[in-house]
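I set out to record how charged side chains pair in this model, and then to look at one residue in a helix packing. The entries follow in the order in which I looked things up.

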Amino acid sequence: MRIRTVPLIVASALFMEHLDSTIIATALPVMADDLGVPTIALNLAITAYLISMAVFIPASGWMADRFGARRVFVSAIGVFMAGSVLCGLAPSMTVLILGRLLQGLGGAMMVPVGRLVMLRTVPKDDLVAAMAWLTVPALIGPVIGPPLGGLIATYASWRWIFWINVPIGFAGIALALAFLPAIREEERTPFDTTGFLLSAVGLATGVFAFETLGRDIVPLPVSLGLAGAAGLILWAYVRRARGIAQPIIDVGLLRIPTFRIAVTGGSLFRIGIGALPFLLPLQIQIGFGHSALESGLTTFIAAAAAMMMKFAAATIIGRFGFRSTLIVNSALGGLMTASIALIGVGTPLGLMMVLLFVGGFFRSLNFTAINAIAYADIEPHQMSRATSLTSMAQQISLSAGVAVAAMILHMVTAAGAEPDAGRISLALAAVGIASGLSALIFAQLRPGAGASLQGGRRAAAEPDGQA
């Protein structure tokens, strides 16, 4: 029972966060018109959220250990809801951005701490099945976000984009208080203030650089300069962190092979996944000339594949092992993403839907395997720091995926012109190849990696009602 209940409670927060982060992009033109600002300026609402997330994610593990994971998780949902209400009531862009910063603070604590609650509650041999329950809502949110955002912006007020988080949030809080155990580490570690400031500045600068790269928001040299500055600051953080006992981001965890491979391979794989919500609507709407609604309905098919994967993940991983699953699946997932580039203007959307369905299955399976193997050899006292590091890496790699795609489009498209289908296809092929290359990293796993999680095979063999 616990391998379903706990992940689904955590997934309610994950779903809310992923839905909100994708739904807003579709409605930006309507929001900008209502608030009386240029659409390009309102992109700051997206950037502010991502920067706030990047700044506060490193502190999430320490907060959970200090105040209790359930308490922080519930409080984070409340903060995210408060930010949503503020966004929904915003009379100006300034207030909207303040609300988005508050949402980012809540999201930074909500998702990694929720994952930490699950890791400390679910036995390791049930982790694969639990991760499948957790992963599916996270994949559905970005898929239904664009069409839902279009429907709300077209037929209702854009403010409902934020207000719909309130009932989801209240349900998540009630379920968390009712079913999640109160967990707190007995050992109290001091807060690494210097490390927090270094990581905050470095991550915020890096995310801003990624979000502006190739989008003509700021001059290209400024974006590249900021990216370089972020790299130097984070390098300074890493050098300092190696010399102290309790750094806020414990890079020493990367010495654990399964964790290091999951973080590095998963980051490379996510570059392609992070670019898809950006590139697919461009291809379907600008490249192929279809409506926003057709675009949303086409990409929605990936959610169905993600749901189907839930029933197969533990069986596949139990049968073939983590190493073989990740090698083959990463290559196939990258190939499915790159193959979308072969579709032309006259190709029926049905063929793209088939590719998205198959690709959605492989991507969902990969996320389940990556998220599980990362914690296979992590000791209980390392869990909070491990979740902070993996959440930070995920956030950066998803932003990097959009940055890479935008940069490719910027390089191959004339200044001031809209990218055509051929140029968008180049970007799709590039990010698909990048994702597929993660198979080379996963090949470094030892054959028996994740053996402690193979009890997931038992969970998968049971009827769904007893899992």
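Entry 1. I began with R240, which counts as partly exposed at 26% relative accessibility. The model is a predicted one, and I read the values below as computed from it.

Entry 2. I looked up the partner of R240 and found D192, the two side chains meeting in a salt bridge at 3.0 Å, N to O. R240 belongs to helix 10 (residues 220-241), whereas D192 sits in the loop between helix 8 (165-179) and helix 9 (193-212), so the pair ties together parts 48 residues apart in sequence. I noted that D192 counts as buried, with a relative accessibility of 8%.

Entry 3. I then asked how many salt bridges the structure holds. The count is four. I examined two further pairs.

Entry 4. D65 pairs with R120 in a salt bridge whose closest N and O atoms are 3.1 Å apart. I placed D65 in helix 3 (residues 44-67) and R120 in helix 5 (residues 93-121); the pair links distant parts of the chain, 55 residues apart. D65 is buried, its relative accessible area being 12%.

Entry 5. D34 forms a salt bridge with R159, and here the closest N and O atoms lie 3.6 Å apart. D34 is in helix 1 (residues 2-35) and R159 is in the loop between helix 6 (127-155) and helix 7 (160-163), so this pair ties together parts that are 125 residues apart in sequence.

Entry 6. I found a polar contact of 2.8 Å between the side chains of N366 and N329. With neighbours within four places in sequence set aside, N366 is in contact with F269, T325, L326, N329, S330 and F442.

Entry 7. Finally I looked up how helix 13 (residues 301-339) meets helix 14: their axes come within 4 Å and cross at roughly 40°. Helix 13 and helix 14 are therefore oblique to each other. By class, I recorded 27 nonpolar, eleven polar and one charged residues in the contact of helix 13 with helix 14.

Key
Residues are numbered from 1 along each chain as its sequence is written. This is a predicted model: local features need pLDDT of at least 70, side-chain atom pairs count only at pLDDT 80 or more; totals for chains, interfaces and linings use all residues. Side-chain values use heavy atoms; hydrogens and water are left out. A polar contact is a pair of N or O atoms within 3.5 Å; within protein, one must be able to donate a hydrogen and the other to accept it, and residues adjacent in sequence count only if both atoms are side-chain atoms. Contact means heavy atoms within 4.5 Å. Axes are lines fitted to C-alpha atoms, for helices over the stretch in contact, and angles run from 0 to 180 degrees between N-to-C directions. Helices (H or I, at least four residues) and strands (E, at least two) are DSSP runs, numbered from the N terminus. Angles under 35 degrees count as roughly parallel, over 145 as roughly antiparallel, 65 to 115 as roughly perpendicular and the rest as oblique. Ala, Val, Leu, Ile, Met, Phe, Trp, Tyr, Cys and Pro count as nonpolar, Asp, Glu, Lys and Arg as charged, and the others, Gly among them, as polar. Buried means under 20% relative accessible area, exposed over 50%, partly exposed in between (1.4 Å probe, protein chains only).
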